[in-house]
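Have the sequence and the model open side by side.

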Amino acid sequence: MTDLADEVGAVRSQATNYDNSVVYDTNGTVLNSDSEEEMYGLFEQLAAIVENNAERHQTLAEAIQASNLWHSLNSRQQQQVLHLINTTIEHEFSGSYRELSAYNLDDAEAYNGGDVIFPNGYGQLTDFLASGLDIRLNQIVQKISHSSEGVIVRSNQGEFSADRVVITLPIGVLKSGQVSFEPPLPQTKQQAISAIGSGLLNKLFLRFPYPFWDTDTEIINWISQEHGRWNEWLNVAFYIDKPVLLGFNAADYAIKTEGWSDEEIIEDAMAVLRTIYGRNIPQPESWQLTRWNRDPYALGAYSFNGISDGIPASIRSRQALAQPINQRLFFAGEATSEDFPATVHGAYISGLIAAEQISDL
Ligand SMILES: Cc1cc2nc3c(=O)[nH]c(=O)nc-3n(C[C@H](O)[C@H](O)[C@H](O)COP(=O)(O)OP(=O)(O)OC[C@H]3O[C@@H](n4cnc5c(N)ncnc54)[C@H](O)[C@@H]3O)c2cc1C
């Protein structure tokens, strides 16, 4: 993506420094450094116990419940540890700790280097990749049939025939069965589709008339009473010099709030910001928010290692999902990526692999 960004000449922000952060307690006061240290210490101890003892069939919540350490914590310590489970695990993997595999939480690789924002939008990269291609929009694929003759793709607007197709449907759409396959997908692929989870991470951007927060701090954490409620904010002003805050909700709390109106979601977020910054902060001038579970062409944010019939998703599930069928159907998209699932680069590289598989034929 870095090479591509260079080629396009996409302007980049400075890399996020995740240590440049502040933690606010539930009542809005800054958590003192001893408490913060204790919170991270307990989280790390618990993470090590789970990593060493998790059984194949266990979700993260089950593995935590099975540990003696968890039961020795008082309710305040449990709340603090749950805060870190939300911000460092659920926000990263998009699944609820009640669904994520404890045994196989993370088998992905990572590149070195920091995370940057494209102040002028990620669309620059996709526009560049799309230029010169014959792309038909508003074609909702409903059925994909293949035989020794070739492939027929039926959409809401008609039929297309091809020698081979590359399918990059999101994992949520594959799970929903909205697109049917003739003949049906093989058992191994169906098992992979069930074990790989479709998670949720939603964003709420709030633009204010002026910043009322410390614009030198990048990450703003808040320890909520209710699990996962607006636990993490990004100070966007740090990167683009505009008075914008970005609030995240993942997994359970994101699912709960998706059904609310924009106004209700914003009021809930503002109640949290007022707890931290006081009653006199201004209302936002404008906002943008996502509801990925309710987007029929996403049905989730990105994939995670879940569990199906007691078996955790793994690299093998990603391989099964990526496996071509009869040299006719080829599969790409982030969920098929062995090394980099849940990322843009994973999705991109998986497309290059599918293209290579076809050109090799
Ligand atoms: C909140 C959030 C934050 C993220 N942060 C990062 C990050 O910091 N770094 C990172 O690398 N990645 C991040 N990701 C993940 C990254 O965005 C995805 O992994 C990547 O975009 C997936 O690309 P894809 O091509 O596999 O799927 P998509 O981009 O979802 O493409 C699938 C396409 O299929 C289309 N489609 C669906 N159903 C049909 C149908 N029936 N007929 C026709 N077309 C259909 C959809 O419209 C869509 O265009 C984040 C994702 C989210 C949601």
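What follows is a tour of the ligand shell, a serine, some aromatic pairs and an isoleucine.

Keep in mind that this is a predicted model. Begin at the ligand. A backbone N or O atom of valine 141 sits 2.8 Å from a nitrogen atom of the ligand. For glutamate 334, a backbone N or O atom is 2.8 Å from an oxygen atom of the ligand. Threonine 343 also places a backbone N or O atom by a ligand oxygen, at 3.2 Å. Taken alone, the ligand exposes 1000 Å². The protein buries 64% of that.

Now look at the make-up of the shell.

Is serine 350 buried or exposed? Serine 350 is buried, because its relative accessible area is 7%, and the cut-off for buried is under 20%. Its side chain has two polar partners to look at. One is the backbone nitrogen of glycine 333, reached at 2.8 Å. The other is the backbone oxygen of alanine 347, which lies 2.7 Å from a polar atom of the serine 350 side chain. Set aside the neighbours within four places in sequence, and serine 350 is in contact with Ala332, Gly333 and Thr336.

Turn next to the aromatic rings. A pair of aromatic rings is described by the distance of the centres and the angle of the planes. The structure holds 10 aromatic pairs. Take tyrosine 24 and tyrosine 277, whose ring centres are 5.9 Å apart. Their planes stand at 65°, so this pair is edge-to-face; the cut-off for that label is over 60 degrees. Tyrosine 24 counts as buried because its relative accessibility is 13%.

A second pair joins phenylalanine 118 and tyrosine 122. Their ring centres are 4.9 Å apart and their planes are at 80°, so this pair is edge-to-face too. Phenylalanine 118 counts as buried, at 12% relative accessibility. Tyrosine 122 counts as partly exposed, at 39%. Back at tyrosine 24, there is a cluster to trace. Tyr24, Phe208, Phe212, Trp213 and Tyr277 form one aromatic cluster.

Finish at isoleucine 196, in strand E7, residues 196-198. Why does isoleucine 196 count as buried? Its relative accessibility is 0%, and buried means under 20%. Beyond its neighbours within four places in sequence, isoleucine 196 is in contact with several residues, including Ile171, Lys175, Ser303, Phe304 and Ala313. Ser317, Arg318, Leu321 and Ala335 are also among its contacts. For a sense of distance, compare isoleucine 196 with leucine 129. The two are 67 residues apart in sequence, and their C-alpha atoms are 28 Å apart in space.

Notes
Residues numbered from 1 in each chain as written. Predicted model: local features only at pLDDT ≥ 70, side-chain atom pairs only at ≥ 80, totals over all residues. Heavy atoms only, no water. Buried < 20%, exposed > 50% of the residue type's maximum accessible area, 1.4 Å probe, protein only. Polar contact = N/O pair within 3.5 Å; in protein donor to acceptor, adjacent residues only side chain to side chain. Contact = heavy atoms within 4.5 Å. Areas by Shrake-Rupley, 256 points an atom, 1.4 Å probe, with all protein chains shown as cover. Phe/Tyr/Trp six-rings, centres within 6.5 Å; stacked < 30°, edge-to-face > 60°. Helix = DSSP H or I, 4+ residues; strand = E, 2+ residues; numbered from the N terminus.
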